[in-house]
Amino acid sequence: MSDYTTLHTGEDDHGPLLVMEDKEVRLLSFGDNDEQSKLLKSALHVPMHTYLQAMLLVLLFIKPKRVIVLGLGGGGLIHALRNFDRGINITAVELREAVIEVAKRYFWLPLGKKLNLIHQDANAFLADADHKKADVIFADIYHGDGVDEQQLSETFIANAAALLKSEGYLVLNCWKEHSRNATLLALLQKHFSDVRACLTGGGNWVVLAGKQARQISASGLKAEAQQLSLLLDFQLGRSLTRFETWE
């Protein structure tokens, strides 16, 4: 990452925090060669990482009024959602207070009444279960070593399902190897009627689990994706070609 200028270097109990940029992008990193978040400075709402683009496929199935984002990072998902619909109520839960401060200071978070930032462990947040139910829960809980294994646990998935409305969706960002995780699939099928997934070019396995089964043809999805691409300001087509029912 030698081509970047370092804007901020910090560390907390969980490890390092780096903010870097070049002329076009700004990065949040949790360690060597780690891109936790990457924002295009000229268009903050356009996700740079393919896994974030794939997570937004959920908008083909539901137009959310209230979402929960577990794992804030640099707020790339929040920028995309805010651009899609300025009226969405977003609650973002982040374990590391330093990440919240860095996101506010360096990543242009759209602060206001409709964005609620909570400094808490995501598992504890879900276990509290005293929050308003959401239409979508996005789970993107990573640390310097990769995906947080608790995000794949029975307790996590059950608590997330309980916090979703009757037509709600859980969106999980996982790794490619989780596509062969039969235990994870069985857990999701226990709590959700419609489990789909997408393998991204970057090696992520993005799962969309819906509480209600949706019947929509491939051609119908393609047409919807063209419309949604216009609203989001980037092409969903690449993600859609690898998107299918996980079974």
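**A pocket and its salt bridges**

K104 counts as partly exposed because its relative accessibility is 40%; the term covers the range between buried (under 20% relative accessible area) and exposed (over 50%), worked out with a 1.4 Å probe on protein chains only. Before going on, note that this is a predicted model, where local features need pLDDT of at least 70, side-chain atom pairs count only at pLDDT 80 or more, and totals for chains, interfaces and linings use all residues. Residues are numbered from 1 along each chain as its sequence is written, and side-chain values use heavy atoms, with hydrogens and water left out.

So what does K104 pair with? Its partner is E101, in a salt bridge whose closest N and O atoms are 3.9 Å apart. To count as a salt bridge, a side-chain nitrogen of Lys or Arg must be within 4 Å of a carboxyl oxygen of Asp or Glu. E101 is partly exposed too, at 42% relative accessible area. Both residues sit in helix α3 (residues 97-106), 3 residues apart, which is about one turn of the helix. Helices here are DSSP runs (H or I, at least four residues), strands are runs of E (at least two), and both are numbered from the N terminus.

Now look at K190 and E154, whose closest N and O atoms are 2.7 Å apart in another salt bridge. This pair links distant parts of the chain, with K190 in helix α6 (residues 182-191) and E154 in helix α5 (residues 154-162), 36 residues apart. K190 is exposed at 57% relative accessibility, while E154 is partly exposed at 40%.

D194 and R196 also form a salt bridge, at 3.1 Å from N to O, and both of these residues are buried. Over the whole structure, the search turns up 9 salt bridges.

The largest pocket holds about 410 Å³. A pocket is an open set of points on a 1 Å grid over the protein atoms alone, where a 1.4 Å probe fits and protein lies on both sides within 12 Å along at least five of seven lines; lining residues have an atom within 4 Å of a point. Of the 31 lining residues, G71, E94, D140, I141 and Y142 are the closest to the pocket's centre. Helix α2 gives the most to the lining, with 3 residues. By class, the lining has 13 nonpolar, 12 polar and 6 charged residues.

Technical notes
Points joined across faces, edges and corners; volume = space filled by probe spheres on them. Nonpolar A, V, L, I, M, F, W, Y, C, P; charged D, E, K, R; others polar.
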